[in-house]
Amino acid sequence: MAWEIAKPLIPPSRVRPQGGGTQDTPDETLFAAIIYVLVSGCAWRQLPPCFGISKSTAHRRFLIWSRAGVWGRLHEAVLHRLDDAGIIDVTRVVLDTAHVRAKKRG
């Protein structure tokens, strides 16, 4: 279910103008590996080989997707799905300050 929600939020991979390189790892595989690291709490270097990708590839894509705002949009999409299903009520929410950037002198 998580992949179906996340798939439309994932930015397309950039094509190298000079061509070449290795074939991109499927986004679904990268998503699964990243979620594994985030949920398990393991270090990137401990990513199990069963995912078939290197720790640096997974971490690099995590950073790219983070900069693109994927995780915040995914969080909102999951909350809306849960609200639509009547599982939670999003009219009463608490904002965690960890998600809001603190401005200098603000």
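## Aromatic pairs

Rings of Phe, Tyr and Trp, taking the six-membered ring of Trp, count as a pair if their centres lie within 6.5 Å. By this rule the structure, which is a predicted model, has 6 aromatic pairs. One of them joins Phe-31 and Trp-71, with 6.2 Å from centre to centre and 15 degrees between the planes; this pair is stacked. It links distant parts of the chain, since Phe-31 lies in helix H2 and Trp-71 in helix H4, 40 residues apart. Both Phe-31 and Trp-71 are buried.

Trp-71 also pairs with Trp-65. Here the ring centres are 6.2 Å apart and the planes stand at 55 degrees, so the pair is tilted. Trp-65 is buried, as is Trp-71. One aromatic cluster takes in Trp-3, Phe-31, Trp-44, Phe-62, Trp-65 and Trp-71.

## Helix H2

Helix H2 covers residues 27-40. At 1.5 Å a residue, its 14 residues should span 20 Å, and the C-alpha atoms at its ends are 20 Å apart, which agrees. Just after H2, Gly-41 has a positive phi of about 80 degrees.

Which residues of H2 are buried? They are Leu-30, Phe-31, Ala-33, Ile-34 and Val-37. Seen down the helix axis, the buried residues of H2 fall within an arc of 165 degrees, so they line one face of the helix. They pack against helix H1 (2-6), helix H3 (55-67) and helix H4 (70-84).

## The nonpolar core

In soluble globular proteins, nonpolar side chains tend to be buried together. In this model the largest nonpolar core has 21 residues. Phe-31, Leu-47, Ile-53, Trp-65, Trp-71 and Leu-74 have the most contacts inside it. H1, H2, H3 and H4 are the elements that give two or more residues to this core. The largest share, 5 residues, comes from H2.

Leaving aside residues up to four places away in sequence, Leu-47 touches Ala-33, Tyr-36, Val-37, Ile-53, Ser-54, Lys-55 and Ala-58. Of these, Ala-33 and Val-37 are among the buried residues of H2.

## Cysteines

How many disulfides does the structure hold? The count is 0. Cys-42 has a relative accessible area of 18%. Buried means under 20%, so Cys-42 is buried. Cys-50, in contrast, has a relative accessible area of 67%. Exposed means over 50%, so Cys-50 is exposed.

Terms used
Residues numbered from 1 in each chain as written. Predicted model: local features only at pLDDT ≥ 70, side-chain atom pairs only at ≥ 80, totals over all residues. Heavy atoms only, no water. Helix = DSSP H or I, 4+ residues; strand = E, 2+ residues; numbered from the N terminus. Expected span 1.5 Å × (residues − 1). Buried < 20%, exposed > 50% of the residue type's maximum accessible area, 1.4 Å probe, protein only. Arc of directions from axis to C-beta. Contact = heavy atoms within 4.5 Å. Disulfide = S-S within 2.5 Å. Core = buried A, V, L, I, M, F, W, Y, C linked by side-chain atoms within 4.5 Å. Phe/Tyr/Trp six-rings, centres within 6.5 Å; stacked < 30°, edge-to-face > 60°.
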